[in-house]
Structures are given as structure tokens and as C-alpha cells.
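Hello,

Here is the structure we spoke about, with the sequence. My notes on it follow below.

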Amino acid sequence: MDFSFQDLSGTFSVADIAIAMSLSFVLSAMIGWVYRATHRNVSYSQSYVQTLVVLGMLISLIMLVVGSNIARAFALVGALSVVRFRNAIKETRDVGFIFLVMGVGMAVGTRFYLLAVVAAVAISLIVMIMHRFDWFRLNVRRQVVKVQVPSDEDHTHAIQDVLIRHTDEFELVSMESIRAGALTELMYTVKVKKGSEPADLIAGLRERNHGQSVTVLTGYDQSDL
């Protein structure tokens with residue numbers, strides 16, 4: 001019994017299909033685990049990682065269908081061009097993982113199995129190494145500080161005393177009246193001293209502004225009290 005399928009793209013057997021689907025699943029799942037292990041922010045999505053696995057297998061299937069037939073490739077591009085995706089990508093690295101599973105799927109679907117394995121393993125190791133040793137991190141020490149103080153008296157000097165104690169330099173950026181004039185919001189750009197933490201700065205400011213809101217905006221997160 002012949003288990004081969006003959007069409008315009010050439011001949012591929014049941015074994016080819018099984019190898020392509022299995023290998024693309026294993027490699028895409030490995031990439032998904034690497035993504036989960038190296039994810040830092042709170043925007044992790046299980047459905048996104050599952051989609052990565054499905055996408056890798058789907059691209060492998062598409063490449064099997066297209067084969068080396070140029071006409072079929074153009075027909076496929078035309079068919080997919082009508083699809084519109086509305087989901088916004090939350091992080092730039094998410095786009096990189098999408099292209100990674102697509103590249104691996106393309107390699108598997110065109111039967112470059114060794115290339116797919118080597119590329120997936122090598123790039124995954126690079127991602128793990130960059131995560132482990134925190135490559136290319138920019139140690140941002142400059143923050144934006146917003147302090148709300150009562151408008152009935154001048155608290156500028158008291159606020160600046162705290163900033164002098166916890167920062168190397170600071171600059172008043174804006175002063176705004178809020179809550180129908182009951183409060184004044186002061187906005188500073190500051191460079192926190194080495195050894196001092198944003199939490200220390202917040203605590204010091206809270207002692208001087210009668211328990212009003214203090215916000216410290218950094219390059220990575222926001223502390224709002």
C-alpha cells in the first residue's frame with residue numbers, strides 16, 4: 001500500500017508529515033518554555049505561549065503544502081492577506097519569539113530538520129544566557145517624582161530638604177493646582193543617590209506632605225502611595 005501523496009508541490013509521505021508535525025511541536029514547545037522562564041513583567045499570557053506552539057506547527061504545515069510551487073505560494077499569500085489581527089503586542093520581545101517559531105516552522109516544513117534543531121537550540125540558549133546574566137540592562141537612576149502638598153502653605157523647602165538628602169540632583173519641572181485648589185502637585189526629575197531606594201524617598205516625602213500622594217516613576221515600574 002502506498003502512503004505517499006502526489007500533488008503539484010512534489011511527493012511527501014506520511015512519515016514526512018509525522019516528522020514535521022512532531023518536530024515542530026517539540027521545538028515550538030521548547031521555545032514556549034524558554035519564553036516563560038525568561039519572562040520578567042506582569043503581562044505574561046498563557047494563551048500567547050500556546051499560540052506560539054500552534055503557530056510553529058501551522059507554519060510547518062503551510063510549508064509542506066506550498067513546497068517549491070511558486071504559484072501556490074502566491075495564492076497562499078493572497079489568501080492570508082485578508083486576515084487582520086487586532087491584538088496588540090505588549091512587548092517587543094514577543095514579536096521576536098513569534099518570528100523565531102515561524103523560522104523554525106519554515107525550516108521544519110521545508111525538511112531542513114537539522115537546521116531547525118540547531119537554530120532553535122542555539123537561539124534559546126542565547127535568550128537564556130541574556131536572561132541569566134542580565135545583558136544590556138540600563139541602570140536608570142533618574143526618576144520622576146510627583147508630590148502633592150496642601151495649598152494653604154509653602155512646602156517647597158521641606159520637600160527640597162528630603163530631595164537633597166536622597167538625591168544627587170533634582171529639578172522642579174512643573175507646579176500644578178489640583179482638586180479645586182486644595183492641593184498643589186510638584187513634579188521633579190531626580191537622580192537618586194547610590195545606596196538610596198525609591199521607597200526611602202517616598203517615606204521621607206510622606207513625612208513632609210501631611211500624608212498626601214507621592215508618586216515615583218522609574219524606567220521599570222511605578223510606586224504610587
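This is a predicted model: local features need pLDDT of at least 70, side-chain atom pairs count only at pLDDT 80 or more; totals for chains, interfaces and linings use all residues.

The side chain of Arg111 forms a salt bridge with that of Asp16, at 3.8 Å from N to O. This pair joins distant parts of the chain, 95 residues apart: Arg111 is in the loop between α4 and α5 (113–132), while Asp16 is in helix α1 (residues 14–38). Asp16 has 17% relative accessibility and therefore counts as buried, because buried means under 20%.

The count of salt bridges comes to 2. The other pair is Asp134 and Arg40, whose closest N and O atoms are 3.2 Å apart. Asp134 is partly exposed at 30% relative accessibility, whereas Arg40 is exposed at 53%.

Next, the helix packing. Helix α2 (residues 46–66) packs with helix α4 (residues 92–109) at an angle of about 30°, and their axes are 7 Å apart. Angles under 35 degrees count as roughly parallel, so α2 is roughly parallel to α4. The crossing of α2 past α4 is right-handed. By class, the contact between α2 and α4 holds 13 nonpolar, 4 polar and 1 charged residues. Among them are Leu52, Leu55 and Ile59 in α2, and Phe97, Ile98 and Val101 in α4.

Regards

Definitions and conventions:
Residues are numbered from 1 along each chain as its sequence is written. Side-chain values use heavy atoms; hydrogens and water are left out. Axes are lines fitted to C-alpha atoms, for helices over the stretch in contact, and angles run from 0 to 180 degrees between N-to-C directions. Helices (H or I, at least four residues) and strands (E, at least two) are DSSP runs, numbered from the N terminus. Angles under 35 degrees count as roughly parallel, over 145 as roughly antiparallel, 65 to 115 as roughly perpendicular and the rest as oblique. A crossing is left-handed if the near helix is turned anticlockwise from the far one by less than a right angle, and right-handed if clockwise. Contact means heavy atoms within 4.5 Å. Ala, Val, Leu, Ile, Met, Phe, Trp, Tyr, Cys and Pro count as nonpolar, Asp, Glu, Lys and Arg as charged, and the others, Gly among them, as polar. A salt bridge is a side-chain nitrogen of Lys or Arg within 4 Å of a carboxyl oxygen of Asp or Glu. Buried means under 20% relative accessible area, exposed over 50%, partly exposed in between (1.4 Å probe, protein chains only).
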